[in-house]
Amino acid sequence: MPKYGINKAVLVGNVSTAPELRYTQQGFAVCSFRLATTERRPASEGNYRDVTDWHNITLWRKKAEIAKNYLKVGSGVYLEGRIVTRSWEDKEGNKRYTTEIEVDKMRLLDPAPAATNDSPSPPVAQPARKETPSNNLNQDDDLPF
């Protein structure tokens, strides 16, 4: 049995199904959606073709609520997580499997939507004032020595 291992997935793609938010019996938020990642691969005679893979994504707790509120079909997102395979028996008694990415880190890639008249725009941070010493200081005044 291996003593060490790494289970990490890093994905940058677009949301391909609307995020679905639900809650467990214990009250934990869980959100799931599918993510499309597209890779351009060389084809014949200098042409390229796009190859798209679809990934099952799962987020828990606060990340789940953020995903539901801010992601929509087509949204760009950066995800880091671990690959998880679950199994269960269907109604006919067949063993079924699914593989998904349980997300640890999420970064939204699309800009925030513009504020409307109904929603106030966020406050703009003011730059800190830089104190500049006066050039006409008397060197003998208020010296501690």
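1. The side chains of histidine 55 and threonine 37 are joined by a polar contact of 2.8 Å. A polar contact is a pair of N or O atoms within 3.5 Å; within protein, one must be able to donate a hydrogen and the other to accept it, and residues adjacent in sequence count only if both atoms are side-chain atoms. Histidine 55 belongs to strand S4. Setting aside neighbours within four places in sequence, histidine 55 is in contact (heavy atoms within 4.5 Å) with Leu11, Phe33, Arg34, Leu35 and Thr37.

2. The model is predicted: local features need pLDDT of at least 70, side-chain atom pairs count only at pLDDT 80 or more, and totals for chains, interfaces and linings use all residues. Residues are numbered from 1 along each chain as its sequence is written, and side-chain values use heavy atoms, with hydrogens and water left out.

3. Helices (H or I, at least four residues) and strands (E, at least two) are DSSP runs, numbered from the N terminus. Strands S2 (residues 20-23) and S3 (residues 29-42) pair in the antiparallel sense over four bridges; pairing requires that DSSP finds at least two bridges between the strands. Glutamate 20 has serine 32 in S3 as its bridge partner. The two strands form a hairpin with five residues between them, and glycine 27 in the turn has a positive phi of about 95°.

4. The largest nonpolar core has 16 residues, and those with the most contacts inside it are Phe33, Leu35, Ile57, Leu59 and Leu79. Such a core is a set of buried Ala, Val, Leu, Ile, Met, Phe, Trp, Tyr and Cys residues joined through side-chain atoms within 4.5 Å; buried means under 20% relative accessible area, exposed over 50%, and partly exposed in between (1.4 Å probe, protein chains only). Two or more residues of this core come from each of strand S1 (9-15), S3, strand S4 (48-60), helix H1 (61-70), strand S5 (76-89) and strand S6 (95-108). S3 gives the largest share, four residues. Beyond four places in sequence, leucine 79 touches several residues, among them Ala9, Val10, Phe33, Ile57 and Met106.

5. Most residues other than glycine have a negative phi. Glutamate 45 is not a glycine, yet its phi is positive, about 55°. Glutamate 45 sits in the loop between S3 and S4 and is exposed, with a relative accessible area of 77%.

6. Arginine 61, in helix H1, also has a positive phi, near 55°. Arginine 61 is partly exposed, at 47% relative accessibility.
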